Amino acid sequence: MRGRIHSFQSLGTVDGPGLRAVVFMQGCPLRCACCHNPDTWDMGGGKEMSAQELFEKIYRLRSYFGKDGGVTASGGEPLMQTEFLIELFTLCKKAGISTALDTSGCVYNEKVEELLGLTDIVLLDYKYTNDADYKVHVGMSKARVDEFLEKLQRLGKRVWIRHVVIPGLNDSEESVDMIYALRDKYNCIEKTELLPFRKLCLEKYHSLGVDFPLENIPEASEELMIRLKKDR
Ligand code: SF4
């Protein structure tokens, strides 16, 4: 089967454990205000590749993965191409390559459950701690990501929570406490990562002729990140 791939990073260190090949899948139904990959949104964009071709690219890198690394499917929203990823991850698992999925948790169905059965670790983007912000700044209800997390818990998946800290929007101590407190309820959560809001994507927005909704919000400073991570 053929999929639409936005880009491929040979060896990334920030999308899951160890050294990983990162596949950025094309297409996303959401419009997160903080999105740094607006060029992945278009479902018809990207480059077409077969799962076998993509697997071969990944397989060539296997000697770098070590015991922790592997492949991460990111995006865009990888769950827009679940069937393609089922084929890719099946090939990877047969070859002993560890698989990770970086998702917003926006969709859950039987195919997603099948894919999760082939996924070793889920990087779940948990963006805000209240429904109003989710609706305004993401375009879906917070209940969806909570339901997704419930399913991951039930399936006994390894989960890393990823949370982009945006000054003035979700950077209060209370909000960050709530993100870390998810671990009390869901023991499938192995790690909580706070990531700083950055505006490196501004050029992409300008070249696409799309407004960046957070253009006037400052980037998250190192001081803020150190303070929020302290004692947590
Ligand atoms: S889910 Fe990811 S790719 Fe889609 S809009 Fe949000 S940040 Fe961007």
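The model is predicted.

Start with the sheet. Eight strands form an open sheet with mixed pairing. Their order is β3-β1-β2-β4-β5-β6-β7-β8. The edge strands are β3, residues 47-50, and β8, residues 189-196. Each of these two pairs on one side only. From one strand to the next, the twist averages 30°.

Now look inside the sheet. Strand β5 covers residues 98-103, and strand β6 covers residues 121-125. The two run parallel and are joined by four bridges. Find Ala100, which stands opposite Ile121 in β6. Then find Asp102, whose bridge partner in β6 is Leu123.

How many of the five residues of β6 are buried? The count is five of five, so β6 is mostly covered under the cut-off of under 20% relative accessible area. In a regular strand the side chains alternate between the two faces of the sheet. In β6, Ile121, Leu123 and Asp125 lie on one side. Val122 and Leu124 lie on the other. Both faces are covered, and these residues are all buried.

Helix α9, residues 222-229, touches β7 (158-165) and β8. Its direction makes about 155° with that of β8. Helix α1, residues 51-59, also packs on the sheet. Helix α1 touches β1 (2-12), β2 (20-25), β3 and β4 (70-75). The direction of α1 makes about 85° with that of β3.

Stay with helix α1 and pick out Leu54, which is found there. Is Leu54 buried or exposed? Leu54 counts as buried because its relative accessibility is 0%. Leave aside its neighbours within four places in sequence. Leu54 is then in contact with Ile5, Phe8, Val23, Met49, Phe84 and Leu88. Take Phe8 from that list. Along the chain, Leu54 and Phe8 are 46 residues apart. Their C-alpha atoms are separated by 9.2 Å.

Lys57 lies over the face of its ring, at 4.8 Å from the ring centre.

The structure holds seven aromatic pairs. A pair of aromatic rings is described by the distance of the centres and the angle of the planes. At 10% relative accessibility, Phe55 counts as buried. Tyr59 is partly exposed, at 32% relative accessible area. Elsewhere, ring pairs link Trp41, Phe197, Tyr205 and Phe212 into a cluster.

Next comes the interior. In soluble globular proteins, nonpolar side chains tend to be buried together. Here the largest nonpolar core has 59 residues. Which of them touch the most other members? They are Ile58, Leu85, Leu88, Leu124, Leu149 and Ile161. Helix α3, residues 82-94, gives the most to this core, with six residues. Follow Leu149 to see its surroundings. Beyond its neighbours within four places in sequence, Leu149 has contacts that include Leu124, Tyr126, Val159 and Ile161. Leu182, Tyr186, Cys188 and Ile189 are also in contact with Leu149. A second, separate core has eight residues. Among them are Val165, Tyr180, Met225 and Leu228.

Finish with the loops and the chain end. Asn37 lies in the loop between β2 and β3. Asn37 counts as buried because its relative accessibility is 13%. Not counting residues up to four places away in sequence, Asn37 touches Gly75 and Lys204. Gly75 is joined to Gly76 by a cis peptide bond, with omega about 20°. Gly76 has its place in the loop between β4 and α3. Last, turn to Asp231, in the segment after α9. Asp231 has a positive phi of about 60°, although it is not a glycine. At 74% relative accessibility, Asp231 counts as exposed.

Conventions. Residues are numbered from 1 along each chain as its sequence is written. This is a predicted model: local features need pLDDT of at least 70, side-chain atom pairs count only at pLDDT 80 or more; totals for chains, interfaces and linings use all residues. Side-chain values use heavy atoms; hydrogens and water are left out. Two strands pair if DSSP finds at least two bridges between them. Axes are lines fitted to C-alpha atoms, for helices over the stretch in contact, and angles run from 0 to 180 degrees between N-to-C directions. Contact means heavy atoms within 4.5 Å. Rings of Phe, Tyr and Trp (its six-membered ring) pair if their centres lie within 6.5 Å; planes under 30 degrees apart count as stacked, over 60 as edge-to-face and the rest as tilted. Buried means under 20% relative accessible area, exposed over 50%, partly exposed in between (1.4 Å probe, protein chains only). A charge sits over a ring if NZ of Lys or CZ of Arg is within 6 Å of the ring centre and within 35 degrees of the ring normal. A nonpolar core is a set of buried Ala, Val, Leu, Ile, Met, Phe, Trp, Tyr and Cys residues joined through side-chain atoms within 4.5 Å.
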